[in-house]
Structures are given as C-alpha cells and as structure tokens.
Amino acid sequence: MARIQNIIGKRSNWSFPYAVFLILFVALPMVLIMGYAFVKEGGGFTFSNITRFFTDSDALSTFAVSIEIALETTAICLLLGYPVAWLLANSKFNKSSITIVIFILPMWINALMRTLATADLFNMLGITLGKGTLLFGMVYDYLPFMIYPIYNVLRRMDPSYAEAAQDLGAKPAKVFTSVTLPLSLPGITSGIMMVFMPTVSTFAISEFLTNNKIKLFGTIIQENINSSMWSYGAALSFIMLIIIGLTSLLTSSSEEDNVAEGGLI
Amino acid sequence: MKKLFARLYLGLILLMLYAPLIFIAVSSFTESRVLGNWTGFSTKLYSNLFSGEMSNSGLMSAVNNTLLIALIAALVSTLLGTLAAIGIFHSRGRRKNVVMFLNNIPMVNPDVITGVSLFLLFVFLGVTQGYVSVVLAHITFCTPYVVLNVLPKLHQMNPKTYEAALDLGATPGQALRKVLIPQLMPGMVTGFILAFTMSLDDFAVTFFTRGTVGLETLSTFIYTDARKGGLTPELRPLMTIIFIVVFALLLIFNIRQERAAKKKALLK
C-alpha cells in the first residue's frame, strides 16, 4: 500500500496514462501507416505501393497541383497578412488587443460551411468556379493562421530596436527591411507552416470551390481509403508525411515558441 | 492620410473574411432553398429550427452528436492533459523528450493523416467504428493543446506548495485537488475551450473514424448534404446563431483578459 502511495505521489509518474495513450493512439497509428504502405499482404517488405505512385500519372499531377496551390496560397496569405499583422501590432494604428480577435474569429465557424457559402457567393456573383475561386477560398480559410503568429511576434518586439535605427538615421523603409522584418522572421516561418501544411493536405474543400474541376492530394488519399485500397492510401499518406516532415524541419526552431504561447484564444 | 489607408486596408481584409458569414446570416432570413436566392424576408427557417420541424432531417441529431462528442472529448482531454503536463514538468531526460515528441505529432500532422492513421488503427485492432472511435480520435488531437496550455502555468507556480501539502498530511489526490488544480485552472480552462472548439470544428478525423453505422456530426452532415446537392436551408439560421454565440463568447473572454492584464499592469 505504501509502495503504491509512493508511486502515485511521485509527480513524474503522472504522465504515465497519457504516455500509454500516446503509444496506442499516436505512435502505433504512425507505425501502421508505414506497415500498410511497405508490407505485402501475407508478409514481406515491398516498395510496390510507393513505385505505383510514381507511375500513376493522375496521382502525380494531383500531387504537383496540390503543392502549387499550397505554395501560391501561402505566398498570397503572407503578402496580404503581413501588413495586417504589422498594422494591428503598431500602436499608432491600433491600441486594443481585441482587434486581432475579430480578425481570427471566422476560424471558429465550421470551415466546410464557410467554404460552401464562399462557393455560393461566387455563383451568385456569376464568377465561374475554377482555380481563381479555389485560391480565393483557400486564402480566405487560412489567412488568420498567417496573421496571428506574425502579429504575436511583432507585438512582443522591443520598439527600442526600431527607434535606435531611426535615431541613427535610417529611413522608415530601411528600418523595416533591416530591423523589423528580420526580427519578425520567427512569426513568418510559423505562419508559413500553419498555412502551407493544412492547404497542402485539405480534402473536400477544393472540390466544393471548383465544382469538382480541381482535385487535391488529400482527396486522392480519401478516395483510396474509402474504396478499401488501404495499402496505396497508406503509401500516399506516407508521402504526405514526408512533405510535412520536411516543412516542419525547415521551420521547427521558431514554431515551438508560438505554440507554447497558448494557442489561438 | 496614412491612418486612412491603414483603415481602408484593414477594412477590405475584414470584408473578405466576413463576406461569406454575412452572406449566410442575410440569407438565413429568406425561405429559398438555394443559398443566394432572395425570395422575401421571412423568419420561417428560424421557427423551423426551434419547432421540432427538423426532427426527421437528421440535422438536430447531428448537432446533438457534435456537442456531446465535443463535451466528452474536451473533458477527458483536459483531465488527461493536465495530469500529463504535471508529469512532464517533473520528469527529465529521455522520458520527457519522448512524451513531448509524441505529444507534438497530432498538432503537426494534417487532419487527413491523423484520420487515416486512426482509421488504420481501428481496422487493425478490429474495433467497430462509431461513437467510441470518434471520441477517442478527438481526444487524440485535443489533448496536446491542453498539455501546452497547462505547462506554462506549472512554470509560473511555486512547486513547493504541493510538497508542503503532502508534509501537512494531504494525500497526493487531495494535494492535486486542493493545491495544484486551483493554480493550474486558467491553463486548463483555455485548454478545455480550445479542445472543445477544435472538436466542434473537426471534419476530416471524424470522417475517417465514424465507420458505417450512420453517425453524423454537423461537419459530416454538411458534407453529405452538399454532396447530394443543395444544403438544408435550416443550416443557415443554425450557423448564424452559432456565429453570434461564438462571437459574443470570444469577445467577453478577451475583454475580460485585457481588463485583467490592465489591472495587473496598474498594480505594478
């Protein structure tokens, strides 16, 4: 009894239930993706599911389109979102910390519903659904994810750096390019990751925004899983995981501080 | 002049962000089945929503499922995540790193991957997918956010208070309830709200783990509806109401936080 008391009393042991949960619901599923992707039915290692992807012209072109759309969405979000974050973090233009909430609030409404409304809005305005409307919808869906991390970094930035540059004679443009912009890089990389990762993997959204004209990679994964082609679906998921892994490696150092800030409330 | 430009720009972006929401809200006041068709002002969709007219469409049961799943997932995640955060805070070395690494995976993973991987897990284990699998899946992607919201509170508090409680004769359970939890409460509340809203919003993970028993949440209902062509019109008033509630809650939450921060600053 005293022994059990001791084990429970030691606080480092309190993460044990979650550790078991993580092994079962996070680690094992990841292993299973690789298992289904690389193990033949009946056992034995195989590359056939991966090579199938590289000879599947449909999947390859969808993959290329997904990367392209995700890159374009991320670039547009950065161009539109940076000025918003900068203005909101600048006390000359905005004094309240509530304004940012208004900019990230649409995220709390069901994304599918918003997407469908966007598509219907385009229909009503007589705009043909296609790549343009897809990009608009994606930017609309993910812009808050770009604004928020950049805003956070800019707001916490010590204004005396910019003031010092100014006092030393730098013009506003120079102050921005050599002080503010470099110091806000952690926010930018975090924003890029938070926009790129979900856009490259969305499913359903692009079909609704383009009237089924443009299919993205996430949808191919879903179609294979739903038609019981688990091994190929798992192989495609594995390829997606590699893309995600590479992206997060490129941006990992800055991302942690932002998430640790306490999320998006 | 500069200020005018700034306002104009912010206004334009806000208009873009809110246009679809305003569009839904406006068209919730007309009876037309097609979104974007104005057939005169009417509050019929609202009265349909509340009069039980919708009881056969599956919309109301989808709403109930969504709320119940979100509530259970958020509660379990908050308990599991808080305990885990305390454990992580007090452990060192490899054990801490492994738990933190695994904890990060559901946050970095796209929904589709989380969904597919859990689908494969339930297939592999031979678990029939339905309510339970969806709730478990939601706990999986919600708990990491609780952990990350509770950890900073542990850094802020004095770790000696727990030991003091034990020295004074409290059991670990009592010390947890009476000493630790009150101090961690703000982080737990934020974690709970995040978990709840993420569960409410989820589509992809639910889609892959709900199985074939006909379980619908609001997201899957909307998806199925849109696939069939044409959304159930009553979704418009429902979304409008949700939007207003969320808007009000978030504003209150943040205004209170800002006031508290200002008070703190004044006291210093």
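These legends describe close-up views of a predicted model.

**View 1. The contact between chain B and chain A.** Chain B puts 76 residues into this contact, and chain A puts in 72 residues. On the side of chain B that touches chain A, helix H1 (residues 2-27) of chain B gives the largest share, 13 residues. That side of chain B has 59 nonpolar residues, along with 14 polar and three charged ones.

**View 2. The two domains of chain B.** Domain 1 of chain B covers 60-232, and domain 2 covers 233-268. Taken over C-alpha atoms, the centres of these domains of chain B are 22 Å apart.

**View 3. The two domains of chain A.** Chain A is split into domain 1 (16-46) and domain 2 (57-260). Their C-alpha centres are separated by 30 Å. Where the two domains touch, four residues come from domain 1 of chain A and seven residues from domain 2 of chain A. On the domain 1 side of this contact, the count is four nonpolar, no polar and no charged residues.

**View 4. Asn211(A) in its loop.** Asn211(A) sits in the loop between helix H11 (205-210) and helix H12 (217-226) of chain A. Its phi is near 55 degrees, a positive value in a residue other than glycine. Asn211(A) counts as partly exposed because 14 other C-beta atoms lie within 10 Å.

**View 5. Asn212(A) in the loop between H11 and H12.** Asn212(A) is placed in the loop between H11 and H12 of chain A. Asn212(A) is not a glycine, yet its phi is positive, about 65 degrees. Asn212(A) counts as exposed because 11 other C-beta atoms lie within 10 Å, and the cut-off for exposed is 12 or fewer.

Terms used:
Residues numbered from 1 in each chain as written. Chains lettered and ligands numbered in written order. Predicted model: local features only at pLDDT ≥ 70, side-chain atom pairs only at ≥ 80, totals over all residues. Domains from an automatic or database assignment. Helix = DSSP H or I, 4+ residues; strand = E, 2+ residues; numbered from the N terminus. Nonpolar A, V, L, I, M, F, W, Y, C, P; charged D, E, K, R; others polar. Buried ≥ 20, exposed ≤ 12 C-beta atoms within 10 Å, placed from the backbone.
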